[in-house]
Amino acid sequence: MTRLSVSEELESAADRIADMSRADLRVVLRRAALMLRNVSGVPLEPATEDALNSIAAEMKISRSDLIQFVLREWLETNAYLPVRAIDEESETDGSA
């Protein structure tokens with residue numbers, strides 16, 4: 001069962017909640033809970049986790065956005081992704 005199918009099943013259940021039996025609703029909710037429980041991120045060492053959280057707070061961005069930014073920069077720097085073109089003529093406010 002994929003996350004998409006669980007999502008569709010939950011949406012369908014929400015649309016017809018008055019027509020569903022408690023047992024059917026229980027099955028749908030247990031499947032969703034199981035799917036959520038089994039979703040895992042990348043396990044990080046506590047020191048790395050703390051550093052990410054501190055930097056994200058300092059930059060006032062989410063931890064997820066910080067990870068995406070760092071990963072994209074690393075991939076570009078190491079030629080795994082093409083470097084984004086920068087317009088030298090444009091004015092910037094100094095933020096990314």
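The model is predicted. Its secondary structure comes to four helices and zero strands. Read along the sequence, the pattern is α-α-α-α. The chain exposes about 8400 Å², and carbon and sulfur atoms supply 56% of that area.

**Helices and contacts**

- Helix H3 spans residues 46-59. H3 has 14 residues and reaches 20 Å from its first C-alpha to its last. That is close to the 20 Å expected at 1.5 Å a residue.
- Helix H4 covers residues 63-77. H4 has 15 residues and reaches 21 Å between its first and last C-alpha atoms. Again, the expected value at 1.5 Å a residue is 21 Å.
- An α-helix has 3.6 residues a turn, so residues three or four places apart point the same way.
- Take the contacts in the chain between residues at least 6 apart in sequence. Of these, 21% join residues at least 24 apart.
- Leu-36 has its place in helix H2. The C-alpha atoms of Leu-36 and Arg-3 are separated by 8.7 Å. Along the chain, Leu-36 and Arg-3 are 33 residues apart.
- Leu-36 counts as exposed because its relative accessibility is 65%, and the cut-off for exposed is over 50%.

**Salt bridges**

- Side chains of opposite charge can pair when their charged atoms come close. How many salt bridges does the structure hold? It holds two.
- One joins the side chains of Arg-31 and Glu-9, at 2.9 Å from N to O. Arg-31 lies in helix H2 and Glu-9 in helix H1 (residues 3-15), so the pair ties together parts that are 22 residues apart in sequence.
- Arg-31 counts as partly exposed, at 37% relative accessibility.
- Glu-49 forms a salt bridge with Arg-63, and the closest N and O atoms are 2.8 Å apart. This pair links distant parts of the chain: Glu-49 sits in helix H3 and Arg-63 in helix H4, 14 residues apart.
- Glu-49 is partly exposed, with a relative accessible area of 25%. Arg-63 is also partly exposed, with 29%.

- Glu-76 lies in helix H4. Is Glu-76 buried or exposed? Glu-76 counts as buried, because its relative accessibility is 9% and buried means under 20%.
- Which residues does Glu-76 touch, leaving aside its neighbours within four places in sequence? Glu-76 is in contact with Leu-81, Pro-82, Val-83 and Arg-84.

- Most residues other than glycine have a negative phi.
- Lys-60 has a positive phi of about 60 degrees, although it is not a glycine. Lys-60 follows H3 and is found in the loop between H3 and H4. Lys-60 counts as exposed, at 77% relative accessibility.
- Ala-79 is not a glycine either, yet has a positive phi of about 65 degrees. Ala-79 comes just after H4, in the segment that follows that helix. Ala-79 is exposed, with a relative accessible area of 64%.

**An aromatic pair**

- The structure holds one aromatic pair. Trp-74 and Tyr-80 form this pair, and it is stacked. The ring centres are 5.5 Å apart, with 15 degrees between the planes.
- Why does the pair count as stacked? The planes are 15 degrees apart, and planes under 30 degrees apart count as stacked, so this pair qualifies.
- Trp-74 counts as partly exposed, at 48% relative accessibility. Tyr-80 is exposed, with a relative accessible area of 59%.

**A nonpolar surface patch**

- Which residues form a nonpolar patch on the surface? They are Val-42, Leu-44 and Ile-67. Together they have about 240 Å² of accessible area.
- Val-42 is found in the loop between helix H2 (22-37) and helix H3 (46-59). Val-42 counts as exposed because its relative accessibility is 67%.

Technical notes: Residues are numbered from 1 along each chain as its sequence is written. This is a predicted model: local features need pLDDT of at least 70, side-chain atom pairs count only at pLDDT 80 or more; totals for chains, interfaces and linings use all residues. Side-chain values use heavy atoms; hydrogens and water are left out. Patches are made of residues with over 30% relative accessible area and no salt bridge: like charges are joined within 9 Å, nonpolar side chains (Val, Leu, Ile, Met, Phe, Trp, Tyr) within 5 Å. Accessible areas come from the Shrake-Rupley method with a 1.4 Å probe; for residues, only the protein chains shown count as cover. A salt bridge is a side-chain nitrogen of Lys or Arg within 4 Å of a carboxyl oxygen of Asp or Glu. Helices (H or I, at least four residues) and strands (E, at least two) are DSSP runs, numbered from the N terminus. Buried means under 20% relative accessible area, exposed over 50%, partly exposed in between (1.4 Å probe, protein chains only). Rings of Phe, Tyr and Trp (its six-membered ring) pair if their centres lie within 6.5 Å; planes under 30 degrees apart count as stacked, over 60 as edge-to-face and the rest as tilted. The expected span of a helix is 1.5 Å times one less than its number of residues. Contact means heavy atoms within 4.5 Å.
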